[in-house]
Amino acid sequence: MPDHAHHHEAIASVEKRTDAIEAAFHERGMEPANFIREFKHLAEEEWVPENGARVVAKAWTDPAFRERLFANGRDAVTELGLSMPPHHRHLVVLENTPTVHNVICCTLCSCTAFSIIGLPPDWYKDLEYRARVVRQSRTVLSEMGLELPADMEVRVWDTTADTRYMVLPVRPAGTEGWSEEKLASLITKDAMIGVSRL
Amino acid sequence: MDGMHDLGGKQGFGRIRYSLRAETFHEPWEKRVNALYSLAVKLGIFNMDEYRHAIERMEPRHYLSASYYERSLTSLATLCVEKGILTQEELERRAQGAFPLALPSAPGRSNVATRETLKVGDKVTVKSHHVHGHVRMPGYIRGKSGVVVGVSPPYPFPDAHGHGIEAEHEPTYDVRFDSRDLWSDAADAAFVHVGVFESYLERAK
């Protein structure tokens with residue numbers, strides 16, 4: 001690497017570099033092992049797309065909740081026992097309709113409403129998605145298997161501040177009378193990012 | 001800074017590596033890195049804007065070739081060294097090899113003094129600012145005009161906060177741009193919305 005032109009030592013593996021920081025933190029009494037355990041629990045058990053799925057199912061079945069969700073998403077999700085980190089001060093819920101399709105991204109890094117829709121998938125963080133989806137939305141969605149009708153309006157949302165976005169998919173036909181729980185089972189992380197429709 | 005991280009609209013990239021139910025993490029060290037930088041934020045060693053900026057300061061060839069979590073790792077190490085928590089020598093001794101860091105930071109800036117409160121429906125233009133330090137204005141909207149469609153609560157101004165200097169909080173506005181205004185006819189037709197800090201905006205003339 002250029003800032004290492006002064007010596008010719010091989011770059012340590014990412015595992016060894018991670019070990020180095022963890023060991024240094026440990027030596028300074030920062031208790032990294034406990035935090036890593038806690039983080040793994042959050043990442044695997046708490047920040048899951050089933051949270052967002054419950055929000056969507058509730059919005060499909062409860063018009064008053066739907067209105068509260070559009071007015072203030074961050075407050076509305078607390079009704080379901082969900083929460084967002086303090087620095088995510090606003091959750092904007094983007095309504096898909098038969099003629100409007102929303103899709104979210106983060107071109108500068110890879111921000112998401114991870115406590116609601118789940119941590120971002122690998123491809124969301126790749127250079128390709130970040131570079132292309134703002135400019136070639138319809139092409140990218142088609143490559144990912146989502147063909148949109150020619151007259152559908154496409155709305156892309158680039159997460160450049162700490163406001164977070166999620167897509168509210170269209171409720172599929174033939175689901176009248178379904179329970180919230182059954183409806184929630186239909187809803188995927190990809191649908192809440194907006195790279196698929198249900 | 002007009003860094004390598006500012007990818008929106010860059011051409012030449014191929015297909016998205018898409019799979020259904022794609023994983024977030026692939027290797028155990030990735031979760032540890034994510035946890036370790038979260039711990040550093042929790043302990044107040046650095047904030048999320050500083051974290052993002054240290055990723056942006058990675059040497060461009062390193063940035064492009066590093067995985068997402070290697071970029072996290074590099075930012076974490078860089079900031080711990082810059083804040084005096086660790087030294088690069090200690091890290092390299094422990095890692096038994098070179099530990100590349102991001103390049104040094106250029107100065108940040110304070111909030112723009114002459115900013116105006118805006119509301120939904122206002123027509124706005126993104127100022128043609130070129131800054132040395134951290135900025136959350138993607139290059140593809142610089143100088144472009146759009147319409148405010150949403151207002152968010154105030155956040156610390158990242159251009160200052162990313163440098164650990166005093167930052168007033170200010171609202172961000174969801175601004176709707178027409179993709180044809182951004183890239184002429186070399187783009188798919190769409191509305192592109194960007195969360196834009198008040199300091200970056202002025203009323204369209």
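A: Start with helix 1 of chain B: its buried residues pack against helix 1 and helix 2 of chain A, together with helix 2 (48-56) and helix 4 (68-82) of chain B. (Packing here means contact, with C-beta atoms, placed from the backbone, within 7 Å; helices (H or I, at least four residues) and strands (E, at least two) are DSSP runs, numbered from the N terminus.) Bear in mind that this is a predicted model, where local features need pLDDT of at least 70 and side-chain atom pairs count only at pLDDT 80 or more, while totals for chains, interfaces and linings use all residues. Residues are numbered from 1 along each chain as its sequence is written, and chains are lettered from A and ligands numbered from 1 in the order in which they are written.

Now the helix itself. Helix 1 of chain B covers residues 28-42, and its 15 residues should span 21 Å at 1.5 Å a residue, which agrees with end C-alpha atoms 21 Å apart. (The expected span is 1.5 Å times one less than the number of residues.) Of those 15 residues, 11 are buried, so helix 1 of chain B is largely enclosed by the rest of the structure. (Buried means 20 or more other C-beta atoms within 10 Å of a residue's own, exposed 12 or fewer, and partly exposed in between.) Among the buried ones are B:Trp29, B:Leu36, B:Tyr37 and B:Leu39, but also B:Glu30 and B:Arg32.

What flanks the helix? After helix 1 of chain B comes B:Gly44, with a positive phi near 80°. In the segment before the helix sits B:Arg21, which has a positive phi of about 50° although it is not a glycine. B:Arg21 counts as exposed because it has 9 C-beta neighbours inside 10 Å.

Step back to the two chains. The contact between them takes 66 residues from chain A and 67 residues from chain B. Helix 1 of chain A gives the largest share of the chain A side, 11 residues. That side divides into 34 nonpolar, 12 polar and 20 charged residues. (Ala, Val, Leu, Ile, Met, Phe, Trp, Tyr, Cys and Pro count as nonpolar, Asp, Glu, Lys and Arg as charged, and the others, Gly among them, as polar.)

Where do the chains join? Strand 3 of chain A runs parallel to strand 4 (residues 191-197) of chain B, and 4 bridges link them. There, A:Trp157 stands opposite B:His193.

Finally, chain B has domain 1 (1-104) and domain 2 (123-203), with bounds from an automatic or database domain assignment. Their C-alpha centres lie 24 Å apart, and 11 residues of domain 1 are in contact with 14 residues of domain 2 in chain B. The domain 1 side divides into 1 nonpolar, 4 polar and 6 charged residues.

Methods. Contact = placed C-beta atoms within 7 Å. Pairing = 2+ DSSP bridges.
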